[in-house]
Amino acid sequence: MSTLETRRQELRKRIQNLESALDGLKAQLAEIQELEQHEAADHLEDYLDQIDHKFRNLGDLWTASIDELKGLFRR
Amino acid sequence: MTVTSTPDGDGIGDPRTRWMQWLSVASLVYLLLVAVSLIGGGFKLSAGDQAKSLFDFASNPVAGLVIGTVATALIQSSSTVTSIIVGLVAGGLPVTIAIPMVMGANIGTTITNTIVSLGHLKEGDEFRRAFAAATIHDFFNVISVLIFLPLEIVFGLLDKTGVWLAKLMLGGDSMSMKGLNFIKPLVKPPVKLVGNALEGLGSTAGGISMIALGIVLIFVSITVIGKLLKVLMVGRAKQFLHAAIGRGPITGIGTGAVVTVLVQSSSTTTSLIVPLVGTGVFNLRQIYPFTLGANIGTCITGLLAATAITGDNAVFALEIALIHLLYNLVGVVVIYGLPFLRELPVVAAEALADAAVRNKLYAAAYIVGVFFLIPGTIVLGSRLIGV
């Protein structure tokens, strides 16, 4: 077996190992993300209040827009 | 009405209070059905067979679309607007005019979660994610209108399918639902009572009063139902959300639809997910199917409203409610089913969110432009050129 052939096989094996390690890490990450998502879903009722703050949100946008406009004319 | 939830969010703690809340929901659903019937009855009383001509101003499909969009954006409830449309169809509004209106209601309802996303305005990345999560729904509904409204104008596909479906359900054969509808006899007496009470005003004023009362009652009943169900069903909604985590898009669509049916409001469903994406726990692609499910789930109110309609126009009322459902189902199948179309709302929402983070004026221009300025200009322009 030539040196090049051996090197190629070694590299293939390393790539396979790295890919399976990567898959394992991805699976672990997905698991953590899902746990975070379950935790967030547990607090769904906390977000109900945010729906009732629409006028305050529009007020914030108004203020931010005025500031941006002032900045635009100052330039 | 004050509604409180238990700390664990599983609805109302005290069983007696819980029963009272459910009894209130049932009463309000009944009130909604009566209200829808009042609108139909009011039109019949005031305009009789001439009711159709009252809607000539909206005969242009674009005008219908704009009316649906602006009305829903102002009221912030597509369920209210579609229920009113069902009532108007029962009163003589042609289904062909009502179709663009329900399409517009789909666009108008998206303003609520867009405004909710503004709660994250001061947090750069959080706002970008939240704003994209809100506007993906807008872009999906706008693309849906751009595809299906021209097709409807040219071929009338939704109208024809709606006629077929409504006849199938209300037809004279033994498989029809006509004999099974127990709602109509329940709704008739109070409508008759209101009609008799307003008889003294004359047919025109009495009819207009019935219509106005119907619209107000629809608004009140849907608003209070929404407030009650939001708290009563949050525990159940959580269970469905937990079940959908880590699953595919079809489960996401199904969960979005079921949660919307439970809370009777697509705005609530789509607004609830905005903070979930804002915090970075869910990403845009994960919640995308969930928002599409909300479009489907919201059709339940219109279908419920249609069951209250009696008389010759009952078939048309059911037709428009079925068309609303069909339009949303086909929209999801076509736009989400085709990869190149599926990506469009994602790309557009992300691009707009990036721009809005750089300059808040983009967010302001988007809200004012899409929901009010562009629709207003279209209507004014079409009036000026006489279309």
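**Close-up views of a predicted complex**

**View 1. Chain B is built from helices, without strands.** In this predicted model, chain B has 18 helices and zero strands. Buried residues account for 52% of the 387 residues in chain B.

**View 2. Chain A meets chain B.** Chain A contributes 23 residues to the contact, and chain B contributes 28. Three elements of chain A give two or more residues to the side that touches chain B: helix 1 (3-42), helix 2 (44-51) and helix 3 (54-74). Helix 3 of chain A gives the most, with nine residues. By class, this side of chain A holds 10 nonpolar, six polar and seven charged residues. For the complex, the predictor gives an ipTM of 0.77 and a pTM of 0.85.

View 3. The mean pLDDT of chain B is 85, and 90% of the residues score at least 70.

**View 4. Two stretches of chain B have a pLDDT below 50.** One covers residues 1-11 of chain B. Beyond near neighbours in sequence, residues 1-11 have 25 contacts in the model. The other covers residues 173-177 of chain B. Counted beyond near neighbours in sequence, residues 173-177 have five contacts in the model.

Note on methods:
Residues are numbered from 1 along each chain as its sequence is written. Chains are lettered from A and ligands numbered from 1 in the order in which they are written. This is a predicted model: local features need pLDDT of at least 70, side-chain atom pairs count only at pLDDT 80 or more; totals for chains, interfaces and linings use all residues. Helices (H or I, at least four residues) and strands (E, at least two) are DSSP runs, numbered from the N terminus. A residue is buried if 20 or more other C-beta atoms lie within 10 Å of its own, exposed if 12 or fewer, and partly exposed in between; C-beta atoms are placed from the backbone. Two residues are in contact if their C-beta atoms, placed from the backbone, lie within 7 Å. Ala, Val, Leu, Ile, Met, Phe, Trp, Tyr, Cys and Pro count as nonpolar, Asp, Glu, Lys and Arg as charged, and the others, Gly among them, as polar. pLDDT is the predictor's confidence in each residue, from 0 to 100.
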